[in-house]
Amino acid sequence: MEAVVVKNLTKTYGKEKTVAVDNVSFSVNQGELFGLIGPDGAGKTSIFRMLTTLLLPDGGSAHVDGHDIVQDFRAIRSSVGYMPGKFSLYQDLTIEENLHFFATVFGTTIDENYHLIKDIYVQIEPFKNRRAGKLSGGMKQKLALCCALIHKPTTLFLDEPTTGVDPVSRKEFWEMLRRLREQHITILVSTPYMDEASLCDRIALIQSGKILSIDTPQNIVNTYPDRLLAIKANEMYKLLKVLEGHPGILNSYAFGEYAHATFRDAHTDTHALQVYLREHGLTGVEVKDAEVTIEDSFIKLLH
Ligand SMILES: Nc1ncnc2c1ncn2[C@@H]1O[C@H](COP(=O)(O)OP(=O)(O)OP(=O)(O)O)[C@@H](O)[C@H]1O
């Protein structure tokens, strides 16, 4: 069954009618871990705010757990959990007070749903008397997740939960999400980090308010249409310049210590390419087939 159904959802802002969300449609199955993946300003927050009834759409419709986001906003507010990108915590309240506050607002108690947050809460419990404003990014994030979970939501919206969080805490956070999924909670998560996409069941790649592709991360990389090469040389900037000037080039960009490149001819001779690069003054040249990532797929879709 579908937990979230979005049809032609549109949102514009201001007198200039800046289009933030442009005719977006997708659906999320119950119990699914669904990712909205896209850079800053892509429209992720606007979509989440409409689905959590904090913002009215200009067009289209959406249902969460069968409830209309405009007509049935009260039902949605009591059944979903929302962790906004900017922390929602009360900085002057302690960990325990924040959690107690969120439980009370939703007419429940910490004890009633403790089993849902236990795994996460035990990690911050030793500091339960510390004010939220004095916590590290990773601890704030864990507390915010506990607060969003304490009323046992059917659907959880997490807006960029790992932005500004260190790599170890990011990894832990995703492990927590996968465990939560086992509790049959539907999870929608947004992130600008392409490496996190592979941890979702399905993802929507989004840019400038439009969805470019929706599928499982594996299918998205499997349907990459070109042969992708990873190319290394001693000078990255010069390498990119030389690749740009190659008569057969489709696209090239820096990707870690390599450049990723696609060519019109899928059978581009890698040896001939190495010779070409050396003839253009590059040293330490290495050319090999690259493993396609979500980021490569995203870049391809943008072109
Ligand atoms: N209140 C507002 N008034 C005017 N423009 C807005 C407003 N809120 C968002 N926008 C614009 O709408 C577009 C989408 O913003 P949104 O915050 O939904 O994107 P996002 O993908 O969540 O990115 P970010 O991580 O930067 O918040 C951006 O161009 C943004 O500048």
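Mentor: Let's go through the ligand shell, the sheet and some helix pairs.

Mentor: This is a predicted model, where local features need pLDDT of at least 70, side-chain atom pairs count only at pLDDT 80 or more, and totals for chains, interfaces and linings use all residues. Residues are numbered from 1 along each chain as its sequence is written.

Trainee: OK, how many residues surround the ligand?

Mentor: There are 13, and the closest are Tyr13, Ala20, Asp40, Thr45 and Ser46. A residue is near a molecule if its C-beta atom, placed from the backbone, lies within 6 Å of it.

Trainee: Which elements give two or more residues to that shell?

Mentor: Strand E2 (18-29) and helix H1 (44-51). H1 gives the most, with 3 residues. Those names come from DSSP runs numbered from the N terminus: helices are H or I with at least four residues, strands are E with at least two.

Trainee: And how does the shell divide into nonpolar, polar and charged?

Mentor: You get 3 nonpolar, 7 polar and 3 charged. Ala, Val, Leu, Ile, Met, Phe, Trp, Tyr, Cys and Pro count as nonpolar, Asp, Glu, Lys and Arg as charged, and the others, Gly among them, as polar.

Trainee: Switching to the sheet: what's the strand order?

Mentor: E2-E1-E4-E5, an open sheet of 4 strands with antiparallel pairing. Two strands pair if DSSP finds at least two bridges between them. E2 and strand E5 (67-68) are the edges, each pairing on one side only.

Trainee: How many bridges join E1 to E2?

Mentor: 8 of them, with E1 covering residues 2-13. Lysine 11 stands opposite valine 21 in E2.

Trainee: Now helices. At what angle do H4 and H5 pack?

Mentor: Helix H4 (residues 114-124) and helix H5 (residues 137-149) pack at about 150°, with axes 9 Å apart. Axes are lines fitted to C-alpha atoms, for helices over the stretch in contact, and angles run from 0 to 180 degrees between N-to-C directions.

Trainee: So what do we call that arrangement of H4 and H5?

Mentor: Roughly antiparallel, therefore. Angles under 35 degrees count as roughly parallel, over 145 as roughly antiparallel, 65 to 115 as roughly perpendicular and the rest as oblique.

Trainee: How about H3 and H5, at what angle do they cross?

Mentor: Roughly 25°, and the axes of helix H3 (residues 95-105) and H5 come within 8 Å. H3 and H5 are therefore roughly parallel to each other.
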